[in-house]
Amino acid sequence: MKGCGSIYASKVSTPDALATDGEKHGLKVLGVDGRNDLALLTSAKSFSKVAIFRDGRGVRTGEDIIVTGFPLQGLLTSDINVTNGIVSALAGPGDDRRIIQITAPIQPGNSGGPVLDASGHVVGVVVARLEGNQMMRELEVLKKQLFSKL
């Protein structure tokens with residue numbers, strides 16, 4: 001969102017989209033959380049379908065999840081993509097408890113998309129994916145640190 005001159009909700013190719021009337025609706029940014037890569041938006045228009053966040057207990061390891069988004073848009077499809085997986089860990093890199101790890105495939109373009117539970121409630125937002133090459137570099141650094149101490 002940084003650097004955007006305008007933000008709009010407009011019709012996309014799913015009946016559950018934010019705006020299904022084919023019109024563009026201006027959105028106003030109410031707040032931004034740069035650390036978590038999130039923004040809260042508002043519109044003068046009321047929408048019939050909205051995201052519902054899960055209430056009560058948090059997600060658990062092994063729980064089924066669904067991820068929706070528009071990965072590699074223009075290369076794959078302009079339609080929404082849906083993938084599924086499980087919650088594989090309740091903390092991210094460095095034991096960061098703000099982040100959960102999931103097994104659903106994530107591609108560029110999924111960022112900002114919802115992570116849903118089996119009932120369709122939002123339990124998270126896609127913010128990053130761990131690249132294989134990045135992991136290999138980290139493992140090499142760790143291996144060097146371990147062997148240098150022997």
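Here are a few questions and answers on this predicted model.

Me: Before we start, what ground rules apply to the model and its numbering?
Reply: Residues count from 1 along each chain as its sequence is written. The model is predicted, so to speak: local features need pLDDT of at least 70, side-chain atom pairs count only at pLDDT 80 or more, totals for chains, interfaces and linings use all residues, and side-chain values use heavy atoms, leaving out hydrogens and water.

Me: In what order do the elements of the protein chain run?
Reply: Helices (H or I, at least four residues) and strands (E, at least two) are DSSP runs, numbered from the N terminus. The chain has one helix and eight strands. From the N terminus on, the order is β-β-β-β-β-β-β-β-α.

Me: Which residue in the hairpin of β7 and β8 takes a positive phi?
Reply: Strands β7 (residues 114-116) and β8 (residues 122-125) run antiparallel, joined by three bridges; pairing takes at least two DSSP bridges. Leucine 116 stands opposite valine 122. Five residues lie between the strands, and the one with phi near 90° is glycine 120.

Me: How many residues does the largest nonpolar core have?
Reply: Such a core is a set of buried (under 20% relative accessible area, 1.4 Å probe, protein chains only) Ala, Val, Leu, Ile, Met, Phe, Trp, Tyr and Cys residues joined through side-chain atoms within 4.5 Å. Members include Val59, Ile65, Val115 and Val126. The count is eight.

Me: What share of the protein chain's residues count as buried?
Reply: The chain has 150 residues. The buried share is 19%.

Notes:
Buried < 20%, exposed > 50% of the residue type's maximum accessible area, 1.4 Å probe, protein only.
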